[in-house]
Amino acid sequence: MRRLFPVTDQTPDQTSAPTSAAVPEDREWSLDELAEAYAYPASAPGEPRPWLRANMVSTLDGAAQHDGRSQPISTATDMRIFGTLRGLADVVVVGAETVRQEGYRPARERAEFAARREAAGQGPAPAIAVVTASLDLDFSLPLFTSPLVPTLLLTGAAAAPDKVAAAEKAGARVVIAGDGMGVEPARAVRALAERGHTRLLTEGGPRLLGQFVAAGVLDELCLTVSPMLTAGDAQRIAGGPSIPVPRRFALVSLLEEGGFLFGRYRRS
């Protein structure tokens with residue numbers, strides 16, 4: 001993998017992330033090197049603030065999926081970065097429709113990240129937090145029956161009591177993050193932080209990412225640009241209504257392998 005731009009990020013209320021050492025071209029980065037390159041920013045003194053990062057993939061013509069799934073436009077290196085980002089996160093936030101379409105399973109413990117997670121005061125694997133207004137999920141799936149850490153369900157205060165009871169009976173932990181049926185993005189971030197989850201990762205889908213963007217709570221976007229063209233009417237990485245003023249993000253690192261670009265952008 002070739003490093004095209006160094007990591008030089010710095011934000012007013014965060015210290016800079018570790019800058020990874022220069023590496024020769026045309027060799028695979030180790031997981032430790034990727035973990036350093038994608039490290040969450042160190043918190044400023046005092047109570048740590050949550051940091052919400054998104055990880056998405058897009059084709060050259062803007063498709064976030066092919067035949068309803070992201071896997072066909074991904075690559076092995078993209079999946080290594082996917083695993084690295086999960087290995088660094090406290091919680092993975094995902095929309096209910098993405099859980100259904102992608103066949104989500106619980107995050108697993110990975111020996112390569114065990115020491116790093118222990119040093120950071122994290123559990124063995126990130127929790128999965130599903131954003132769902134209806135709680136219409138299959139609670140017989142492994143995401144609910146055999147997670148290493150309990151799956152969280154982010155929903156609204158007006159969620160159907162019988163659905164809440166069924167979710168809790170299945171072992172999920174219901175977190176209220178909205179006054180009505182739906183979830184309010186900023187409140188979801190606060191609710192997770194209150195549970196000690198400050199290193200947040202969302203993997204979409206596009207509608208959920210669009211909600212985070214519109215609410216102004218997305219801090220960072222890790223975007224894989226796939227050298228493919230799909231045409232058609234596939235979703236973009238972020239959906240929903242447009243926002244009045246485009247959000248400006250700054251490029252802080254860019255990697256390349258086999259024509260795939262792996263960019264990391266932070267809110268300006």
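**Exercise 1. The chain as a whole**

What percentage of the 268 residues in the protein chain do buried residues make up? Work this out, then describe the fold in outline.

*Solution.* Before starting, note that this is a predicted model, in which local features need pLDDT of at least 70 and side-chain atom pairs count only at pLDDT 80 or more, while totals for chains, interfaces and linings use all residues. Residues are numbered from 1 along each chain as its sequence is written, and side-chain values use heavy atoms, leaving out hydrogens and water.

Step 1. Buried residues account for 46% of the 268 residues; buried means under 20% relative accessible area, exposed over 50%, and partly exposed in between, with a 1.4 Å probe and protein chains only.

Step 2. The secondary structure consists of eight helices and ten strands, where helices (H or I, at least four residues) and strands (E, at least two) are DSSP runs numbered from the N terminus.

Step 3. Now take the contacts (heavy atoms within 4.5 Å). Of those between residues at least 6 apart in sequence, 69% join residues at least 24 apart.

Step 4. The chain exposes about 12800 Å², and carbon and sulfur atoms supply 54% of that area. Accessible areas come from the Shrake-Rupley method with a 1.4 Å probe; for residues, only the protein chains shown count as cover.

**Exercise 2. Rings**

Classify the aromatic pairs of the whole structure, then look for a charge over a ring.

*Solution.* Step 1. The search finds two aromatic pairs. Rings of Phe, Tyr and Trp (its six-membered ring) pair if their centres lie within 6.5 Å; planes under 30 degrees apart count as stacked, over 60 as edge-to-face, and the rest as tilted.

Step 1. Phe139 and Phe144 have ring centres 4.9 Å apart and planes at 75°, so this pair is edge-to-face. Both Phe139 and Phe144 are buried.

Step 2. Phe260 and Phe262 have ring centres 6.5 Å apart and planes at 15°, so they are stacked. Phe260 and Phe262 are buried as well.

Step 3. Arg53 lies over the face of Tyr40, at 4.1 Å from the ring centre. The test asks for NZ of Lys or CZ of Arg within 6 Å of the ring centre and within 35 degrees of the ring normal.

**Exercise 3. Salt bridges**

How many salt bridges does a search of the whole structure find?

*Solution.* Step 1. Side chains of opposite charge can pair when their charged atoms come close. The search finds eleven salt bridges, each a side-chain nitrogen of Lys or Arg within 4 Å of a carboxyl oxygen of Asp or Glu.

Step 1. Arg49 and Asp219 meet at 3.2 Å, N to O. This pair links distant parts of the chain, 170 residues apart: Arg49 in the loop between α1 (31–37) and β2, and Asp219 in the loop between α8 (206–215) and β8 (220–226). Arg49 is partly exposed at 30% relative accessibility, whereas Asp219 is buried at 4%.

Step 2. In the bridge between Arg187 and Asp179, the closest N and O atoms are 2.6 Å apart. Arg187 is partly exposed at 24%, and Asp179 is exposed at 58%.

Step 3. Glu220 bridges to Arg264, with closest N and O atoms 2.6 Å apart. The partners are 44 residues apart, Glu220 in strand β8 and Arg264 in strand β10 (residues 260–267). Glu220 is buried at 0%, and Arg264 is buried at 0%. Salt bridges with shared partners join Arg53, Glu220, Arg264 and Arg266 into one network.
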